[in-house]
Number of protein chains: 2
Amino acid sequence: MTKIPPIAPLNDATLHAALERKISQKTKPLGSLGRLEQLAIQVGQVQVSTTPALHQPQLLVFAADHGLAQEGISAYPSEVTWQMVDNFLQGGAAVSVLARQHSLALSVVDAGVNHGFIAQPGLINQKIALGTQNSLYGPAMSLVQCQQAVQAGFEVVRTLPGNVVLLGEMGIGNTSSAALLLMQLTGQPVEQCAGRGTGLDDAAFSHKKNVLIQVLKRHAEAGAEPWLAMAAVGGFELAMLAGAALQAASERRLVVVDGFIACVALLWAARLAPQVLSYCVWAHLSAEAGHALVLNELGASPLLSLDLRLGEASAAALVWPLIDSAVRLLNDMASFESATVAQRLV
Amino acid sequence: MTKIPPIAPLNDATLHAALERKISQKTKPLGSLGRLEQLAIQVGQVQVSTTPALHQPQLLVFAADHGLAQEGISAYPSEVTWQMVDNFLQGGAAVSVLARQHSLALSVVDAGVNHGFIAQPGLINQKIALGTQNSLYGPAMSLVQCQQAVQAGFEVVRTLPGNVVLLGEMGIGNTSSAALLLMQLTGQPVEQCAGRGTGLDDAAFSHKKNVLIQVLKRHAEAGAEPWLAMAAVGGFELAMLAGAALQAASERRLVVVDGFIACVALLWAARLAPQVLSYCVWAHLSAEAGHALVLNELGASPLLSLDLRLGEASAAALVWPLIDSAVRLLNDMASFESATVAQRLV
């Protein structure tokens, strides 16, 4: 069985108090930096430091194909997965533009794309297979493949520098796979979990929901057991992203989680090691049906809400400057004493 | 009377369609960049270009003191205004840190601080007086002073380079002044308009509301007439910020508006020239009581909601990278054609 790397809980009360005290002495009204203060405290706890620093942030897009896409549950054809991988690598995708803007190292992880890529800088080959099987007719992957994917996620992070990972995904059909995994893990109905993905119309969305209900029936016996559920309805990119998050947390790296699909992968990871969640920054709340549900399950409150529904780590990249700001404010702002500013009257 | 510079309406339907078409051809699901797409279209309209570019953004903090602060309506003593101006200039304030992070040129405008500053880089002297008068006993300023302040706002922007201004403020007592102006302009009651500012406790907040009700009674005759209302209960930094926004829009600069107080200044500016609002990007929705009200009056929907209540253009600085992203995505993303990515099936 796959051994999950140990993840330390973030429960150092002395450190927490020291971080709170440091922030309270900054030249601003108490608490007036709102969520950025909590974010700074979180980064300090992750790094066990009152002077945390962000080094070599790694933006990772896990890509894979889905057998279930054959059932017409996406607005786009499956070949868009590999075409977008090419686009990421050539610098033309949204996440490519955002990575350049913020000097984030962008790697695309081929977790199981139905295409043979030429080896090239920025592409990490961890292909498990040429896409999953169609979960309407059987498990999406074998248990062995599922474990391989998670372990590959560990390995991807182990080999990269830096103390922050920003995790996203690309894969035609993977909002369906994520919705199915969410249903398996939570027992919630399709209406709560499935949305229009990249933009299905009413008829196609209705068809998608019918397909998902049939898939769910087929895999009832897998239930909420994490490994069985992931193997039954998951995806290689979902399992590998979860593995990457677990490894990153075990190395005390900050984990920035993109949108709906990445959140479902983290919900799965948290079933194996709940402490992983303390290391996570949640980037974005989208309108995708299951997103509010999974965030609620995670106890997570994203920093942005910009009506994005793109995935590919775009929201994780967009939230990056806010994380950077939180750390800079903690380190670089003057205190009331150092700046000789009067404190509050009451 | 003060002549308001002419502001062109942003109603070029052909340009709007061209911008929409350009975005729809990018390699992403239609509409999937959400509010960033609207933002890119807005910047394109402001600059009359399908390839807009952001040059030399100017972060401006308008600072002034308030006679009303004598009534104990702030948690901080008045000398904090000049002490914080020093802190801005020395680089220790939150906005100083954020300006450095994003390479934003930061200028502090002395609109009427009760302190004699030594001339120095980054400080723009437009002092109207050493703070306003106490509006509990008479108008905060004369009509002449009010016009001087607005015209000084024009001049500040005229003399600065770039095509974006980011507008914020600092002044002990100015959440009260802004709440009063909001009450004058909208006729809404104190409960809807006044909040805890930088962090009043229950007793102090109750006292503040009582003071504001008395001030409002005294200036009932000013009503919602913009100049009379601003002179009666406003502040030099509010009037000057409004002038800066009007001038910036007339020069087709993008106007990034900070928090509650800056929003009230823009509501006032819009009473003189409603077209100014098309040039505005709203940075942040705070918990301050009147903020939701003024945003509703403005028809504005801020990009961020991070529980900030700091002012000093901190939210405007924090939202800057999102604006930059929107423009970069418009200009730098590949199209379906250029990247050879398949388009949607349905």
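Across the interface of chain B and chain A, zero salt bridges turn up, a salt bridge being a Lys or Arg side-chain nitrogen within 4 Å of an Asp or Glu carboxyl oxygen. This is a predicted model, in which local features need pLDDT of at least 70 and side-chain atom pairs count only at pLDDT 80 or more, while totals for chains, interfaces and linings use all residues. Residues are numbered from 1 along each chain as its sequence is written, chains are lettered from A in the order in which they are written, and side-chain values use heavy atoms, without hydrogens or water.

Here is the interface in brief.

| Chain B with chain A | Value |
|---|---|
| Residues in contact (heavy atoms within 4.5 Å) | 55 of chain B, 55 of chain A |
| Buried area (accessible area, 1.4 Å probe, lost on being put together, summed over both) | about 4800 Å², 63% on carbon and sulfur atoms |

On the chain B side, H13(B) gives the largest share, eight residues. Helices here are DSSP runs of H or I with at least four residues, numbered from the N terminus.

Now to helix H8 (residues 202-218) of chain B. Its 17 residues reach 25 Å from first C-alpha to last, close to the 24 Å expected at 1.5 Å a residue, counted for one less than the number of residues. Which residues of H8(B) are buried? They are B:Ala204, B:Phe205, B:Lys208, B:Val211, B:Leu212 and B:Val215, where buried means under 20% relative accessible area and exposed over 50% (1.4 Å probe, protein chains only). The face turned away carries the exposed B:Asp202, B:Ala203 and B:Lys217.

How values were computed. Helix = DSSP H or I, 4+ residues; strand = E, 2+ residues; numbered from the N terminus. Buried area = accessible area lost by both parts, 1.4 Å probe.
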